[in-house]
Amino acid sequence: MKTLLTHATVITMDPELGDLADGQVLVEDDRILAVGHDLPSEGAEVVDCGGGILIPGLVNAHMHTWQTALRGVAANWTLLEYFGHVHRGLATLFSPDDIRIATRMGALNQLNCGTTTLGDWCHNNPTPEHTDAAIHGLEESGIRALFFHGSPKPDPKPGQPHFSEVPHPRGEVERLLAGSLGDREGRVTLGLAILGPHYSTLDVTLHDFELAKEFGLVASMHQGGGQAVTPGGWDVIEGKGLLGPDINIVHGQSLSDGQLARFCEKGVTFSIAPENEMTQGHGFPITGHVRRHGGVVSLGVDLESVISGDMFTVARMALGMQRSLDNDASRRERGGIPETSTIRTREALRWITLDGARALGLEDRIGSLTPGKQADIVLLDSGQLNMQPVSDPVSTVVMQASLANVDSVMVAGEFHKRDGRLLADIEEGIGQLTASGQRIYAELQSRQPEEATP
């Protein structure tokens, strides 16, 4: 099956192909066959893009999708309140079906917003049934995802170890790779959401790093937020040669500049959640530090229980915050603002396309409109008032685009949104999501009525 997308400004994010005015993209089955002008239309469905803008599908490199039913619940909580009310409270009330509903609807919302690839960091999976439900939700949605298999963080019951002392379960990794996530080229693939030295003992940290290496999986971990469980853990990890492009650090506050320089040199990637980090108290995003050391900046929503799921907003927040920090540093060091912006909008778009793909280990498959890659493509309706006139297409996408402009979304050559409408039936799902979230939140309130009020 072929699809020819015509009459569009094509932002390929491929350095060799560049941008095309009035360009075309030819898709065959699940892959991009060609990008250019006057491409053959024989045997293809021709889609007139009406002068819109085609971009690679966006990449949300880090989100806890299981929290979709808790939208807004944590909007007024600091990180410490979030730990208490969510991990030690709300999370414990989720059934497997709650996880499936939230994950499916959260993934559909990502598609609706123009995100075609999701780094789904699932750390509310106390049973294999919860894990399978989350994977089922992703598969139902049609999104491309790296499912980061994590572990829950409740208060231990008498006689149970603290979560920081519990190694990642080898048996679950083997089970998933022998089953639904065994195809490394599949739409939904496996990564490990491990605790890392900030949230686990040294023995657990080393076990988890080595487990990920053994199975060839991306290992992602949170860094920052309170005191580290193993303060010198990173030194040991470095000494054992366990750092590389398959290691992904989320947030990253509390790492020293020297550590960041060495980690970037080793190819470690960083997933930054600028809006949520500033809201909950992580500290300023480390975007500028990673950039200075030549590292990979990817971005994520992190928590829809706090903020919206729109990656255009996340990119603008990251760009604006780092420009502000750079401008402030220039004023203090040189007595005036820089002569030009320190970060260009094209780089911000790369954070949520190519660099997001790199952070998830998928850069050979997605992130740019390059022939041979998967046909994950978003059409933006740039004719709407909020995007006109289009003086610079890349800047228009980064600084003006929103959900309202996401006209069509294709994943692996298949449309999941077209003419401004999701093709999935979401009415029943919205009802299920609402009922799930209201039940969970009401149950927490009944247990701790004063503490659980946002």
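**Exercise 1. Describe how helix 3 and helix 4 pack, giving angle, axis distance, handedness and contact residues.**

Step 1. Axes are lines fitted to C-alpha atoms, for helices over the stretch in contact, and angles run from 0 to 180 degrees between N-to-C directions. Helices (H or I, at least four residues) and strands (E, at least two) are DSSP runs, numbered from the N terminus.

Step 2. Helix 3 and helix 4 cross in a right-handed sense. A crossing is right-handed if the near helix is turned clockwise from the far one by less than a right angle, and left-handed if anticlockwise.

Step 3. Helix 3 contributes P128, T131, D132 and I135 to the contact, and helix 4 contributes E172, R175 and L176. Contact means heavy atoms within 4.5 Å.

Step 4. Sorted by class, the contact of helix 3 with helix 4 holds three nonpolar, one polar and three charged residues. Here Ala, Val, Leu, Ile, Met, Phe, Trp, Tyr, Cys and Pro count as nonpolar, Asp, Glu, Lys and Arg as charged, and the others, Gly among them, as polar.

As to conventions, residues are numbered from 1 along each chain as its sequence is written. For this predicted model, local features need pLDDT of at least 70 and side-chain atom pairs count only at pLDDT 80 or more, while totals for chains, interfaces and linings use all residues; side-chain values use heavy atoms, with hydrogens and water left out.

**Exercise 2. Classify the packing of helix 2 against helix 3, and then against helix 15.**

Step 1. Two packed helices are described by the angle between their axes and the distance between the axes. For helix 2 and helix 3 (residues 128-141), the axes come within 7 Å and cross at roughly 30 degrees.

Step 2. Helix 2 and helix 3 are therefore roughly parallel. The classes are: under 35 degrees roughly parallel, over 145 roughly antiparallel, 65 to 115 roughly perpendicular, and the rest oblique.

Step 3. The crossing of helix 2 past helix 3 is right-handed. On helix 2 the contact residues are P96, I99, R100, T103, R104, A107, L108 and L111, and on helix 3 they are E129, H130, A133, A134, H136, G137, L138, E140 and S141. The contact of helix 2 with helix 3 comprises eight nonpolar, five polar and four charged residues.

Step 4. For helix 2 (residues 96-112) and helix 15 (residues 427-447), the angle is about 130 degrees and the axes are 9 Å apart. Helix 2 and helix 15 are therefore oblique to each other.

Step 5. Helix 2 passes helix 15 in a left-handed crossing. The contact joins D98, R100, I101, A102, R104 and M105 of helix 2 to G429, I430, Q432, L433, S436, R439 and I440 of helix 15. In the contact of helix 2 with helix 15, six residues are nonpolar, three polar and four charged.

**Exercise 3. Check the length of helix 6 and determine which of its residues are buried.**

Step 1. The expected span of a helix is 1.5 Å times one less than its number of residues. The 14 residues of helix 6 (residues 202-215) should therefore span 20 Å, and this agrees with the 20 Å between its end C-alpha atoms.

Step 2. The buried residues of helix 6 are V204, T205, L206, D208, F209, L211, A212 and F215. Buried means under 20% relative accessible area, exposed over 50%, and partly exposed in between (1.4 Å probe, protein chains only).

Step 3. Packing partners of these buried residues include helix 4 (170-178), helix 5 (196-199) and helix 7 (233-239). E210, also in helix 6, is partly exposed because its relative accessibility is 40%.

Step 4. Just after helix 6, G216 has a positive phi of about 65 degrees.

**Exercise 4. Locate the backbone exceptions at H7, D419 and P389.**

Step 1. Most residues other than glycine have a negative phi, and most peptide bonds are trans.

Step 2. H7, in strand 1 (residues 2-11), has a positive phi of about 55 degrees. With a relative accessible area of 41%, H7 is partly exposed.

Step 3. D419 likewise has a positive phi of about 55 degrees, and its place is the loop between strand 16 (414-418) and strand 17 (421-422). D419 counts as exposed, at 62% relative accessibility.

Step 4. The peptide bond from Q388 to P389 is cis, with omega near -5 degrees. P389 lies in the loop between strand 14 (377-380) and helix 14.
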